[in-house]
Amino acid sequence: MVKLRLKRCGRKQQAVYRIVAIDVRSRREGRDLQKVGFYDPIKNQTCLNVPAIIYFLEKGAQPTRTVYDILRKAEFFKDKERTLS
C-alpha cells in the first residue's frame, strides 16, 4: 500500500518537509516513490505537484492525517472536485 507522507529535511530546529509517495512498510527517511510536494511550517509555505497527487490518490494512495490537513488548507480537494465535474 502507498501513502502520502511527510519526509523531514532541513537543519536542527529548522525542519522543512517533503510530501512524498512512499510504501507503508518504509521508514520515515526511507526511499520514496516520488516527491509530490513541499511544506515549510516555519514560513507556512506549501508547494504541491497537483497532477502527481491526483495520480496517486486515484491509484489508491492514502494521505496521512497531517498531509490530508495540508492538502485541505491548500484547498486541494475543492480544485479536484471542480476538475472532475
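**Figure 1. Ile19 in strand β2 of a predicted model.** Ile19 belongs to strand β2, where strands (E, at least two residues) and helices (H or I, at least four residues) are DSSP runs numbered from the N terminus. The model is a predicted one, in which local features need pLDDT of at least 70 and side-chain atom pairs count only at pLDDT 80 or more, whereas totals for chains, interfaces and linings use all residues. Residues are numbered from 1 along each chain as its sequence is written, and side-chain values use heavy atoms, with hydrogens and water left out. With a relative accessibility of 1%, Ile19 counts as buried; buried stands for under 20% relative accessible area, exposed for over 50%, and partly exposed for values in between (1.4 Å probe, protein chains only). Contact is defined as heavy atoms within 4.5 Å. When neighbours within four places in sequence are set aside, the contacts of Ile19 include Arg5, Leu6, Phe38, Leu48, Val67 and Ile70. Lys35, another contact of Ile19, is 16 residues away in sequence, with 6.1 Å between the two C-alpha atoms.

**Figure 2. Ile22, a second residue of strand β2.** Strand β2 spans residues 14-23 and contains Ile22. The relative accessibility of Ile22 is 0%, so this residue counts as buried. Beyond its neighbours within four places in sequence, Ile22 touches Met1, Val2, Lys3, Arg5, Arg27, Gly30, Arg31, Asp32 and Leu33. Val67 lies 45 residues from Ile22 along the chain, and their C-alpha atoms are separated by 13 Å.

Figure 3. The loop between β1 (2-11) and β2 holds Gln13. Gln13 has 76% relative accessibility and therefore counts as exposed. Apart from neighbours within four places in sequence, Gln13 is in contact with Arg8 and Ile42. From Gln13 to Gly30 the C-alpha distance is 21 Å, for a sequence separation of 17 residues.

**Figure 4. Helix α1 and the residue Gly60.** Helix α1 comprises residues 50-58, and its buried residues are Ala52, Ile53, Ile54, Phe56 and Leu57. Gly60, which follows α1, has a positive phi near 105 degrees.

Figure 5. Val67, Ile70 and Leu71 are buried in helix α2 (residues 65-73). These three residues lie on the same side of α2 because they cover an arc of only 95 degrees around the axis, the arc being that of the directions from the helix axis to the C-beta atoms. An α-helix has 3.6 residues a turn, so residues three or four places apart point the same way. Arg65 and Lys73 are exposed on the other side of α2. Just after α2, Glu75 adopts a positive phi of about 55 degrees.

**Figure 6. The chain as the setting of the close-up views.** Three helices and five strands make up the elements of the chain, in the order β-β-β-β-α-β-α-α from the N terminus on. The chain is as compact as a globular protein of its length, because its radius of gyration is 13 Å, close to the 12 Å that the globule rule gives for 85 residues. This radius is taken over C-alpha atoms, and the rule is 2.2 Å times the number of residues to the power 0.38. The C-alpha atoms fill a box of roughly 45 × 30 × 20 Å along the principal axes. Of the 85 residues, 33% count as buried.
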